[in-house]
Amino acid sequence: YDEVLFVNASLGGIDNEFIQERVWHIPVLLMTYIGALKSWLHAPVFAVFGVSPASIRMPSVIISAGTIYLLSRLGELLFGRKAGLLLTAVIASDPVFIIASRFDQGPAVLMSFFKAAALLLLFRWLLEPSAVKLWMLVSVLSLGFFDKFNFIWFVLALTLATAVVYRREVISHLVHGGPASIAPVLAGAALLAFVGLKV
């Protein structure tokens, strides 16, 4: 079920199966809480290789490999190179992660990727602040939400935890960064408020 959820939309929406909403005939929602991001990513794959078990699964496997890489960099950033390598070995050999990645149960492959990317960007920004990293963080969180709306719980948890644990660093970075650093925060807050009013 999870494996074929996005295929119809990837092919342009032959019929309305697993298509909740379209914009200019383009599928944008597969269900009331699942966006068409995965379908958009698979559309060029299917155009080149056709639809098969391999073309359905390989992109998810590749994205999961990217998640492992991001988490290894996060572990290295926070705890050193050895910890990063150990984290890589643990995740890459976890049967649950491997099976879930192959079939994208949930679906959760993109969600895991965006969570790993958001954490890495956040801690890089805390260590070496820049407006570019903040814009990237807001973009990653927005894509994660569009992929699956329950990603909002991660967004809220990350925002609250960062505000509580790293309050001084956040205030200092935003003050020193000025409007360039405050702009992505305001954009993210505005988007969150807009979504909250619409949902």
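## Overall fold

The secondary structure of the protein chain in this predicted model comes to ten helices and three strands. Read from the N terminus, the elements follow the order α-β-β-β-α-α-α-α-α-α-α-α-α, and the C-alpha trace spans about 50 × 45 × 25 Å along its principal axes. The radius of gyration of the protein chain is 18 Å, which agrees with the value near 16 Å that a compact globule of 199 residues would have.

Of the 199 residues in the protein chain, 39% count as buried. The chain exposes about 11,400 Å², and carbon and sulfur atoms supply 72% of that area. Where contacts join residues at least 6 apart in sequence, 59% of them are between residues at least 24 apart.

## The sheet

The three strands form an open sheet in the order β1-β2-β3, with antiparallel pairing. Its edge strands are β1, residues 21–23, and β3, residues 34–35, each of which pairs on one side only. In general, strands of a sheet pair through backbone hydrogen bonds, either parallel or antiparallel.

Between β1 and β2, the latter covering residues 26–31, the antiparallel pairing runs over three bridges. Within this part of the sheet, E21 stands opposite L29 in β2.

## Aromatic pairs

The model has six aromatic pairs. One of them is formed by F6 and F46, whose rings are stacked, at 6.1 Å centre to centre and with 15° between the planes. This pair links distant parts of the chain, since F6 belongs to the segment before α1 (7–10) whereas F46 lies in helix α2 (residues 37–49), 40 residues apart. Both F6 and F46 are buried.

F123 and Y166 form a pair that is edge-to-face, because their ring centres are 5.9 Å apart and their planes stand at 85°, where planes over 60 degrees apart count as edge-to-face. F123 lies in helix α6 (residues 109–127), while Y166 lies in the loop between α8 (152–165) and α9 (167–177), so the pair ties together parts that are 43 residues apart in sequence. With regard to accessibility, F123 counts as buried because its relative accessibility is 16%, and the limit for a buried residue is under 20%. Y166, with a relative accessible area of 26%, is partly exposed.

## T67 in helix α3

T67 lies in helix α3, which comprises residues 53–79. Its relative accessibility is 2%, and T67 therefore counts as buried. When residues up to four places away in sequence are not counted, T67 touches V109, S112, F113 and A116.

## A92 in helix α4

A92 is found in helix α4, which comprises residues 81–92. With a relative accessible area of 39%, A92 is partly exposed, a class that falls between the limits of 20% and 50%.

Leaving aside residues up to four places away in sequence, A92 touches I68 and I98. A92 and Y69 are 23 residues apart in sequence, and their C-alpha atoms are 9.7 Å apart in space.

Terms used. Residues numbered from 1 in each chain as written. Predicted model: local features only at pLDDT ≥ 70, side-chain atom pairs only at ≥ 80, totals over all residues. Heavy atoms only, no water. Pairing = 2+ DSSP bridges. Helix = DSSP H or I, 4+ residues; strand = E, 2+ residues; numbered from the N terminus. Phe/Tyr/Trp six-rings, centres within 6.5 Å; stacked < 30°, edge-to-face > 60°. Buried < 20%, exposed > 50% of the residue type's maximum accessible area, 1.4 Å probe, protein only. Contact = heavy atoms within 4.5 Å. Rg over C-alpha atoms; globule rule 2.2 N^0.38 Å. Areas by Shrake-Rupley, 256 points an atom, 1.4 Å probe, with all protein chains shown as cover.
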